Amino acid sequence: MALVKPVIYQVVGYQNSGKTTFLLKLIEVLKNEGIKTVTIKHHGHGGRPTVPQKDSAKHLDAGAVAALVEGEGRLVLQADNSTWTLNEQIRFMDFFRPDIILIEGHKMEPYPKLLILRDENDFSLIPRVTNIKAVIIWNNDLMAGVREHLEVPLFHISEEIAVTEIAKELIKTCS
């Protein structure tokens, strides 16, 4: 069976559930294992993400479609379009030839995902989110409810093994 590269994996949950914190730890573990990772983050707060008012932002304000800034090996791209689909963002990130594309957010997309649940109010995500491969909970009281609906690895937010186990699974799919 041919493996599809790059591997795409999502981390989803409501705001302040710990998605970014988890992703930062996961990226570090993957990097230490020699896995080339890129990320896509959904700005779920409404409106456009804010960027400092630098010359590149001024270029966009003047009508440029995209502005790229490079300095000491770091590229910063800003681009304006009416909408960027997740597939367009994935195609763009594929330019960097990653082993894995980690996506923070985009709950309703079909890719394999980790679901993070803070409390019982977040249970509404379970029937709506597809392709859940693992779950992290904040409260052990949620464990039985998750087990009723899903047969996937389940971790508490404080368990560092969650990062290790998910990284192992991702590395396996890259091999």
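Author: Throughout this dialogue, helices (H or I, at least four residues) and strands (E, at least two) are DSSP runs, numbered from the N terminus. The model is a predicted one, in which local features need pLDDT of at least 70 and side-chain atom pairs count only at pLDDT 80 or more, while totals for chains, interfaces and linings use all residues. Residues are numbered from 1 along each chain as its sequence is written, and side-chain values use heavy atoms, with hydrogens and water left out.

Reader: How many helices and strands does the secondary structure of the protein come to, and how do the elements run from the N terminus on?

Author: The secondary structure comes to 6 helices and 8 strands, and from the N terminus on the elements run β-α-β-α-β-β-α-β-β-α-β-α-β-α. Along its principal axes the C-alpha trace spans about 55 × 35 × 30 Å. Of the 175 residues, 37% count as buried, where buried means under 20% relative accessible area, exposed over 50%, and partly exposed in between (1.4 Å probe, protein chains only).

Reader: Which residues does Pro 110 touch, not counting residues up to four places away in sequence?

Author: A contact means heavy atoms within 4.5 Å. With residues up to four places away in sequence not counted, Pro 110 touches Gln 10, Thr 130 and Asn 131. Pro 110 and Leu 26 are 84 residues apart in sequence, and their C-alpha atoms are 21 Å apart in space. For the protein, residues 24 or more positions apart account for 54% of the contacts with a separation of 6 or more.

Reader: How do Helix 1 and helix 6 pack, and at what angle?

Author: Two packed helices are described by the angle between their axes and the distance between the axes. Here the axes are lines fitted to C-alpha atoms, for helices over the stretch in contact, and angles run from 0 to 180 degrees between N-to-C directions. Helix 1 and helix 6 pack at an angle of about 55°, with their axes 9 Å apart. That makes helix 1 oblique to helix 6, given that angles under 35 degrees count as roughly parallel, over 145 as roughly antiparallel, 65 to 115 as roughly perpendicular and the rest as oblique. From helix 1 the contact is made by Phe 22, Lys 25, Leu 26, Val 29 and Leu 30, and from helix 6 by Ala 162, Val 163, Ile 166, Ala 167, Leu 170 and Ile 171.

Reader: Is Leu 170 buried or exposed, and with which residues is Leu 170 in contact?

Author: Leu 170, found in helix 6 (residues 161-174), is buried, with a relative accessible area of 4%. Leaving aside neighbours within four places in sequence, Leu 170 is in contact with Val 7, Tyr 9, Leu 26, Leu 30, Ile 100 and Leu 102. Of these, Tyr 9 is 161 residues from Leu 170 in sequence, with a C-alpha to C-alpha distance of 8.2 Å in space.

Reader: Which residues are buried in helix 3, and why do they line one face of the helix?

Author: An α-helix has 3.6 residues a turn, so residues three or four places apart point the same way. In helix 3 (residues 86-93), Leu 86, Ile 90 and Met 93 are buried. Seen down the axis of helix 3, these buried residues fall within an arc of 65° (an arc of the directions from the helix axis to the C-beta atoms), so they line one face of the helix. Their cover includes strand 1 (7-13), strand 2 (37-41) and strand 5 (100-104).

Reader: Where is Gly 13 placed, and is Gly 13 buried or exposed?

Author: Gly 13 has its place in strand 1 and is buried, with a relative accessible area of 3%. Apart from neighbours within four places in sequence, Gly 13 is in contact with Lys 19, Lys 107, Leu 115, Ile 116 and Leu 125.

Reader: What is the phi of Asn 16, and what is that of Glu 72?

Author: Most residues other than glycine have a negative phi, and most peptide bonds are trans. Asn 16 has a positive phi of about 65° although it is not a glycine; Asn 16 is found in the loop between strand 1 and helix 1 (19-32) and, at 60% relative accessibility, counts as exposed. Glu 72 has a positive phi near 50°, lies in the loop between strand 3 (66-71) and strand 4 (74-79), and is exposed, with a relative accessible area of 87%.
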